[in-house]
Structure formats: structure tokens, C-alpha cells
Amino acid sequence: MIGPDDHWAGNSVIAEGLGITRDNRRPVFGSACLASAAALLVGGGIVAGAFAASWGLFLEAGKAAERSIDYEESYVAYADQWDDLVKVALCVYPLLVLVALALIAWLLTAQAVTVAHAREHAAGTAPGTLTLRTLLRRSRPHFKAALRIQLLTLVCALLPGLAGLLVLAAVAMEKVPGVVWPTYHEPATVQFILVGRILPAVIWALGLVLLSRFALATVVRVADNSTATAAMRRSWTLTRTARLHTTAICLLNAVAVTVAFTLLKWLGTYVAHWAGLLMLATTGNNVWVTGVLVIITPIAVALVLLPLVLAPTGVVLACLHQRLNGSTGRTRVPSGAPSSSTASPPRSPRTNH
């Protein structure tokens, strides 16, 4: 339960998270740098492998274009290579999603351990410095369960996501009576706006609310050493009486991540420019492979650097868990944490009257 002086203080949760991030910069951003390095090496290796597997297709696309130009024929880019390129993409995307889930699991676990250590230090039951080696040791027992939590959460998020896309597909194929997709000569009708625009948005918004209800599951795993499914149930229970509060915190985190991603993607365009020039020089001005590289490079740069922003949001979620869990001081020590014989007994939870 939440005490009277803690009554839904959303700003104080964020302020506490930022304060812990400031006081524990080394473990917070050290874990983020590890995630960025893993994203660069593993994710970059997967993308490089995809380019290597598609190299012949890009060369053939260039040759086909040159032949069409020589014979003064019309040309459609990747006309004969598109299906094979799609097959490569369908193999690459699931691998990249799995890498992303693993990195998110690591970041949330590491920040939960960092917040737990900060609470223990404030209570005088832990040393003041959390080294990166200690963070790795304390996070390792929770990583597999945290990864399962991310996988289960993704499955839950896919349901409303696919439902919204199904509505759009039904409208596009004219399967919904009275709803017609607008054209240049026929503007959007009220029925189309309600079914083709507002209804999918509402379904996806419900999906975001569902994600916020499971947002604390990884922190619960670290605090309680529970199974993945038990942690998700506990997260659902904790956020039941604080739906708006939890959703607001998650939305603020999402806005911060979105703004940071947009800025990092913009910075990535400068990297894409030089990468494109290098690719042109090494491939004999093959604009087909260069064009794909220039498109994905800004996104890749943003994703590699995004853990530096995700880490503080993970700290905020851990602080939110402590608030909703009614913690007033020393928290339950997660597995792997050093024990202390001088630990004070837990206080009885405060309740509202």
C-alpha cells in the first residue's frame, strides 16, 4: 500500500529515479554501454550477414538496371530480386527482435539491481559503490527469467497489435459494410474515420495500457526471485489500483525514448552519408546496395545508442515498483546480493485509513 505522504507522487518517482541515476552513474550507464556494445557487435553482425547473403542480389539488380538503360526499356528496382530479399529480411528481423528483447531484459534487470543496491546503501546494509562486476554477478541469476518475461510481454502486445492491423486490412479489402477506403475523388467518410482510424488507435492504445501493466514484472523478479509468470501476475496486481499512475509514468518514459530516438536517428543521417560514400567507392557506384545502407544506417545508429536513454527509464520503473509495493526503506535483498547481519528488521507496511 502507499502511504499518505506518497500518494501518487508521479513527479517524485521520476525525481527519485533521476537522483539514483545521478548518484549511480557508473553502474547505470556502464550497463547501458555494455548493451550498446552488444547491439553493435551482435546486431551489426546479423545485418552484415544479411548484406553478405544478399550481395549477389544487389549486384544482379545493378546489372539488370544497366541492361534496361542500354536498351532504353523501363525498369522497376529489384523487380526480379524482391522475393529473395524479402526472404532474407524475414530471417533477419526475428533475430534482431530477439537481440532487442535480450538487451531490454538486461537493462531492466541491471537497473532493478542498481535501485535495490541504492536502497540497501541508504539503509546502511550495503557498501557505497556498486561496481560493474558486482552488477553483473547480481544480475546474472535473473537474466533468463527476465528474458522470458520480455518474450511473454511481446506475445501479449502482439494480440492488440495484430487486431488493429486486422481492422485496417478488413477496411482496405472492403470487408466492412458501409466503410470505403477514401480515394483522391472520394474523401474519407465518418464511418471510415470511426472504423479505419479511431478504432485501430483505440485497440493499440489498449495494447500500450497492457504493456504498462506488465512493465514492473522484471523488477518484481529481481525483488522477489519469482518465476516469470508469477512476476507478471504480481506486476498486474501492483498496478491494478494505480492504472492511471502507472500508465502516465510509462507514457512519459515512452515520450522520452521516442524523442531521443528521433534525435539519434537524425544524428545517424550524418553517419549514413559517409557510409554511403564509402559503399559507393567500394562497390563501383552500386546505388542499389548503397541506397539500402543509407536507409537503415540512421535507424541502426539510433538503436545502438538508445540503451543510454533506456537505462534511466529502467531506474524510474524500479522506483515505481518500490512505491507501489509500499516500501519505506530497506527492500527485500535480491538473490546474489551481499547479506548483512546488521540489517534492520523490516517495518510493517503502512496503510491508508
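Which residue's side chain meets that of Arg 22 in a salt bridge? In this predicted model, the partner of Arg 22 is Asp 23, with a nitrogen-to-oxygen distance of 3.4 Å. Asp 23 has a relative accessibility of 55% and is therefore classed as exposed, since the exposed class covers values over 50%. This pair belongs to a total of 4 salt bridges found in a search of the whole structure.

Two further salt bridges involve Glu 16. In one of them, the side chain of Glu 16 meets that of Arg 119, at 2.6 Å from N to O. Because Arg 119 is located in helix α3 (residues 82–122) and Glu 16 in helix α1 (residues 10–23), this pair ties together parts that are 103 residues apart in sequence. The side chain of Glu 16 also meets that of Arg 323 in a salt bridge, here with an N to O distance of 3.3 Å. This second pair links distant parts of the chain, as Glu 16 in helix α1 and Arg 323 in helix α10 (residues 307–324) are 307 residues apart.

Glu 16, in contrast, is partly exposed, with a value of 22%; the buried class requires a value under 20%. Through shared partners, the salt bridges join Glu 16, Arg 119 and Arg 323 into one network.

Leaving aside residues up to four places away in sequence, Thr 246 touches Ser 212, Thr 239, Leu 320 and Leu 324. Of these contacts, Ser 212 lies 34 residues from Thr 246 along the chain, while the C-alpha atoms of the two residues are separated by 6.5 Å.

On the surface, a nonpolar patch is formed by Val 97, Leu 154, Leu 158, Leu 162, Leu 165 and Trp 204. Together, these residues have about 520 Å² of accessible area. The element that gives the most to the patch is helix α4 (residues 132–172), with 4 residues. Leu 158, a member of the patch, is found in helix α4. With a relative accessibility of 42%, Leu 158 counts as partly exposed, because its value falls between the limits of 20% for buried and 50% for exposed residues.

Key. Residues numbered from 1 in each chain as written. Predicted model: local features only at pLDDT ≥ 70, side-chain atom pairs only at ≥ 80, totals over all residues. Heavy atoms only, no water. Patch = residues over 30% accessible without salt bridge, like charges linked within 9 Å, V, L, I, M, F, W, Y side chains within 5 Å. Areas by Shrake-Rupley, 256 points an atom, 1.4 Å probe, with all protein chains shown as cover. Helix = DSSP H or I, 4+ residues; strand = E, 2+ residues; numbered from the N terminus. Buried < 20%, exposed > 50% of the residue type's maximum accessible area, 1.4 Å probe, protein only. Contact = heavy atoms within 4.5 Å.
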